[in-house]
Amino acid sequence: MKKIFMLLTALMLTLSASAQFEEGKKYAGASLSGFDLSYNGIKELSLGVSGKAGYFAADNLMLLGEVGYQHDGKDASHQFTVGAGGRYYIIQNGIFLGANCKFVHGSGGYNDLMPGVEVGYAFFVSRTVTIEPSLYYQQSFKKHSDYSTIGLNIGFGIYL
């Protein structure tokens, strides 16, 4: 009896998650970069916030827009970012692949264009709210060794 109940529960969670990746659905997400575990050659401490908005143009295919602010402890620099990208949910349980491109404007006249990729998982804590851990890589065109970033990001999302 217990096994049947667990199987039915898992089936219901999968069905409710897949309904969120349909064409026409909307997405809103945010992340705090205090949870952003990353490494690159120039940062020491990294604190910031970003917001995302998305729209499912087709089943499992989401178009995204993003804005953010980042403050790095080393030399008290800061960055503003604006970007666009997309996600493809490869299976109906929430695993996604993403690609994006961000324009970064930093203190001291620093500007950079950073394309990136990510792989993550949308873990549904309710019918519409998710916790979204992801691994990402952002390639810097300005100076690869100092600004290209690989890391782990933990965000929150709402699927409407």
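Lys102 is buried, with a relative accessibility of 17%, where buried means under 20% relative accessible area, exposed means over 50% and partly exposed lies in between (1.4 Å probe, protein chains only). The structure is a predicted model, in which local features need pLDDT of at least 70 and side-chain atom pairs count only at pLDDT 80 or more, while totals for chains, interfaces and linings use all residues. Residues are numbered from 1 along each chain as its sequence is written, and side-chain values use heavy atoms, with hydrogens and water left out.

The partner of Lys102 in a salt bridge is Glu66, which is also buried, at a relative accessible area of 14%. A salt bridge here is a side-chain nitrogen of Lys or Arg within 4 Å of a carboxyl oxygen of Asp or Glu, and by this rule the count comes to three. Side chains of opposite charge can pair when their charged atoms come close. The salt bridges are set out below.

| Salt bridge | N to O distance |
|---|---|
| Lys102 and Glu66 | 3.6 Å |
| Arg87 and Glu118 | 3.7 Å |
| Arg87 and Glu132 | 3.3 Å |

The pair of Lys102 and Glu66 links strand S6 (residues 95-106) with strand S4 (residues 61-72), the two residues being 36 apart; strands (E, at least two residues) and helices (H or I, at least four) are DSSP runs, numbered from the N terminus.

Arg87 is buried at 2% relative accessibility, and Glu118 is buried at 11%. Through shared partners, Arg87, Glu118 and Glu132 are joined into one network.

Arg87 also has its charged end over the ring of Phe96, 4.0 Å from the ring centre, a contact that requires NZ of Lys or CZ of Arg within 6 Å of the ring centre and within 35 degrees of the ring normal. Phe96 is buried at 0% relative accessibility and forms a tilted aromatic pair with Tyr89, at 5.6 Å centre to centre and 55 degrees between the planes. Rings of Phe, Tyr and Trp (its six-membered ring) pair if their centres lie within 6.5 Å, with planes under 30 degrees apart counted as stacked, over 60 as edge-to-face and the rest as tilted. Phe96 and Tyr89 belong to one aromatic cluster that also includes Phe21 and Tyr159.
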